[in-house]
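Try each task before you read its solution.

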Amino acid sequence: MTFTVEEPARDADEVRRRHEANRIAWDEGALHYTRELAADIERLRAGESSTHPVERAALGDLASWCGRAVHLQCASGQDTLSLLLEGAREVVGVDISGRHVDNARAKARALALPATFHRCDVLDTPSELDGTADLVYTGQGALCWIHDIRAWAGVVARLLRPGGRVLVFDTHPATCLLDPEATTPVWSGLDYFAHAERNTGWPAEYIGDVVEEHAVKHERLWTIADVVQALIDQGLALTRLEERPDDFWNAFPALGDEAKRALPMTFLLTAERR
Ligand SMILES: C[S@@+](CC[C@H](N)C(=O)[O-])C[C@H]1O[C@@H](n2cnc3c(N)ncnc32)[C@H](O)[C@@H]1O
């Protein structure tokens with residue numbers, strides 16, 4: 001994987017241009033998930049949830065409070081459909097990649113599950129869903145693809161019904177400060193406060209080489225404060241914020257366990273619409 005630092009997107013057109021580039025790149029990345037389709041369906045059929053234990057602990061028994069869960073950036077829908085196993089009565093997934101959404105729909109069809117998937121930019125999440133979500137669920141590699149965090153928070157707020165909750169469990173932004181190949185923590189040289197990058201290829205530990213020529217994609221680092229403030233500005237009340245050593249993929253394969261346990265790898269955030 002190679003990357004070049006670039007300026008953060010400064011206007012709505014540039015945000016859309018980067019999201020569209022990411023759509024093309026994610027259609028490539030989704031091939032990896034298409035290959036896993038049959039195995040993923042069997043896991044769901046067997047009642048195996050792919051949600052992270054940290055998320056499960058924070059969500060509690062969804063059957064007791066969650067009618068509709070909306071999963072933003074749902075990829076091929078494994079976590080989305082797992083929310084049904086966790087007790088949600090109905091799930092809706094939103095993703096920009098057509099191939100991911102096709103995969104998600106194929107899983108739901110195969111198992112006749114109460115799920116709907118929309119292929120669109122998260123910023124264009126259909127307004128018919130406004131005010132209907134008991135839970136907006138997102139994370140595990142989601143926010144870095146969004147180039148306007150304030151607009152993203154606006155979508156979260158409009159989807160939630162009063163009393164509804166958002167849960168974000170995602171990569172801790174401080175991980176961008178670490179050299180991913182180093183065996184002990186070494187500063188990557190990146191700017192914590194305004195990092196944006198253009199890159200190609202996928203980490204071997206994650207998706208690997210699914211195609212020969214990789215499309216250019218764009219990532220943006222949002223600090224914890226960027227995310228929290230964007231939600232506060234939408235009138236949401238923060239109910240939980242944790243910085244955690246837990247990982248959801250092996251982003252630092254060379255780093256020893258001791259260092260990993262002492263560094264913030266992820267954060268968990270929940271907030272409520274009053
Ligand atoms: C790392 S994956 C997230 C994985 C997800 N946590 C899951 O359930 O497997 C990132 C996802 O974000 C999607 N994505 C990227 N930019 C997007 C955007 N602007 N709007 C909607 N989806 C987007 C990609 O297509 C991809 O499926």
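**Exercise 1.** Which residues form one aromatic cluster?

Solution. W26, W145 and W202 form the cluster. This model is predicted, so local features need pLDDT of at least 70, side-chain atom pairs need 80 or more, and totals for chains, interfaces and linings use all residues. Residues are numbered from 1 along each chain as its sequence is written, and side-chain values use heavy atoms, without hydrogens or water.

**Exercise 2.** Classify the ring pair Y192 and F193.

Solution. Start with the rule: rings of Phe, Tyr and Trp (its six-membered ring) pair if their centres lie within 6.5 Å; planes under 30 degrees apart are stacked, over 60 edge-to-face, the rest tilted. The centres of Y192 and F193 are 5.2 Å apart. Their planes meet at 85°, so the pair is edge-to-face. The whole structure holds five aromatic pairs.

**Exercise 3.** Which ring does the charged end of K217 sit over?

Solution. The test: NZ of Lys or CZ of Arg within 6 Å of the ring centre and within 35 degrees of the ring normal. K217 sits over W202, 4.4 Å from the ring centre. Likewise, R220 lies over the face of W222, at 4.1 Å.

**Exercise 4.** How many residues does the largest nonpolar core have?

Solution. A core joins buried (under 20% relative accessible area, 1.4 Å probe, protein chains only) Ala, Val, Leu, Ile, Met, Phe, Trp, Tyr and Cys residues through side-chain atoms within 4.5 Å. The largest has 39 residues. L72, W152 and V156 have the most contacts inside it. A second, separate core has 27 residues, including L37 and V54.

Note on methods:
Buried means under 20% relative accessible area, exposed over 50%, partly exposed in between (1.4 Å probe, protein chains only).
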